[in-house]
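Colleague: I would like to learn how to read a few features of a protein model. Could we take them one at a time?

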Amino acid sequence: MLESLGLLAASLIGAVLGCAIALVPGLHVFNVAGFALLLYARMPFVLSEQALALFLLGALVGWSVVNVIPTVFLFAPDDAHATAVLPATKYLLRGRGAEAATLIGSGSLGALLGLVLLSPILDEVVRPLRAILQPHTGWILTAIIAFLLLGEWPRADDLASPLRRLISAWTYLGAGLLTFALSGLLGMVLFYRSPIAVESAFVNLMPAFVGLFAAPGLLQVLVFGTRPPRQQVSPWREVEPRLLLRGSLTGLSGGLFASILPVVSGGIGGLLAGHATALWNERLFMISLGASKVAYYVGSLLLLFVPGLTLTRGGMAWMISSIYVPYGWRTYWLAVAAVALCGALAFVVLVAMARFAARLANAWSPQWLAGGALGLVTALTMALTGWGGLLVMGVATAIGLIPVLVGGRRINGLGVLLVPITLNVIGVGPAVAAWLGLL
């Protein structure tokens, strides 16, 4: 009993750390986890392998719930939040940023509750799905890429001349296609000839994600930002139970789908599930995205703990499995309990931080906040990855600015992962890399 309580305490400490990490734009919990594993390799006597695994599980839960704060108040999303920026920004400009953060967080809490309720039958649900999907992974990923690109919709002024409408429409569409193509090319470089030192391999993708998703929004605020309307400090507004239920179930299904397939993120899973279930409401959409993100991150790691499933999905699961392979139902149920406890703690922190961020937005200039955040993520990138990482961040930022300044969806930046891994899955990755001169 004491050992189990100690393990749960380790997960709660991890959750507190994860909540703190989530407040730094562009800093991913995977990067901090990689650093923690390096420290553990030098000082293995500090924690047991099982305690470290539950500590990292708690950190992942805390981070995935709370990291909506930079997305809403600083326009600095991660890959899973890229599609939520527009509705969240609309709420911020109406003085309801705290409400937007809480809506996304309520979806996250709903997904965690769904994972806990599904935990007794998770093996029975995932095992047949894995058997069905695994042989078709290559063409499924190809179809998802096609869906993302075809999902771009031209935007033009209907009152303009036909030629100007055509140019305007293809400017928007072209920006989306260019973002995907350039981010995919960057991904090929990082996978086959990364300029980042081998010693920093555990954060190889950090500069790219900071540049593609966090830095462009911060630069936008720094250069063009104006003080948003006065924010309502109270994040609470009545949410219809049916909206919360539907959004949570939609996001949960999309997140679990993403957690089974390689590469597909929670943002893509939520987007697919939203289209499949015809989400029509901004509030519903934000709830769904919050649920999908958490179901993807936490669900993929929870699958590692399912006895006999041997399914390793997601960056955190791969890192933990390098030092510890969970076994037995006792460990699994401890992980489920840790998810429930850490999720409840993280949601309380999210509500408190949404109130604090709203007060901060009322009191401080957004340019100062964005400038400080940009300086911090640049310094962290330099400290963790050196000049090579800073170069990657600069290139990725230039690519990430395309949808911000010209048009297109930010989620197209996920080409950095989708292109190289899809090419490898279908068996042509090395050939394409050789053609590009990367081998």
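Colleague: Which helix does L418 lie in?

Modeller: The model is a predicted one, and in it L418 is part of helix α17.

Colleague: Is L418 buried or exposed?

Modeller: Buried is the word for a residue under 20% relative accessible area. L418 has a relative accessible area of 1%, so it counts as buried.

Colleague: How many residues of helix α17 are buried?

Modeller: Helix α17 covers residues 415-425, and eight of its eleven residues are buried, so the helix is mostly covered. Apart from L418, the buried set includes G415, V416, L417 and V419. P420, T422 and L423 also belong to it.

Colleague: What follows α17?

Modeller: G427 follows α17, and its phi is positive, near 90°.

Colleague: Where does P262 lie?

Modeller: P262 is in the loop between α11 (241-260) and α12 (266-276).

Colleague: Where is F35 placed, and what is its relative accessible area?

Modeller: F35 sits in helix α2, residues 29-42. With a relative accessible area of 42%, F35 is partly exposed too.

Colleague: Which residues make the nonpolar surface patch?

Modeller: F35 makes the patch together with L38, L39, M43, V46 and L47. The patch has an area of about 500 Å².

Colleague: Now the inside. How many cavities of 30 Å³ or more are there?

Modeller: A cavity is a space where a probe fits but cannot get out. The count here is three cavities of 30 Å³ or more. The second largest cavity holds about 40 Å³ of space.

Colleague: Which helix gives the most to the lining of the second largest cavity?

Modeller: α13 does, with four residues. Both α13 (282-305) and α14 (315-321) supply at least two residues of this lining. Among the lining residues are F30, L60, Y296, R313 and M316.

Colleague: What classes of residue make up the lining of the second largest cavity?

Modeller: The lining has seven nonpolar, three polar and one charged residues.

Key: Residues numbered from 1 in each chain as written. Predicted model: local features only at pLDDT ≥ 70, side-chain atom pairs only at ≥ 80, totals over all residues. Heavy atoms only, no water. Patch = residues over 30% accessible without salt bridge, like charges linked within 9 Å, V, L, I, M, F, W, Y side chains within 5 Å. Areas by Shrake-Rupley, 256 points an atom, 1.4 Å probe, with all protein chains shown as cover. Salt bridge = Lys/Arg side-chain N within 4 Å of Asp/Glu carboxyl O. Buried < 20%, exposed > 50% of the residue type's maximum accessible area, 1.4 Å probe, protein only. 1 Å grid on protein atoms, 1.4 Å probe; cavity = no way out; pocket = protein on both sides within 12 Å on 5 of 7 lines; lining within 4 Å. Points joined across faces, edges and corners; volume = space filled by probe spheres on them. Nonpolar A, V, L, I, M, F, W, Y, C, P; charged D, E, K, R; others polar.
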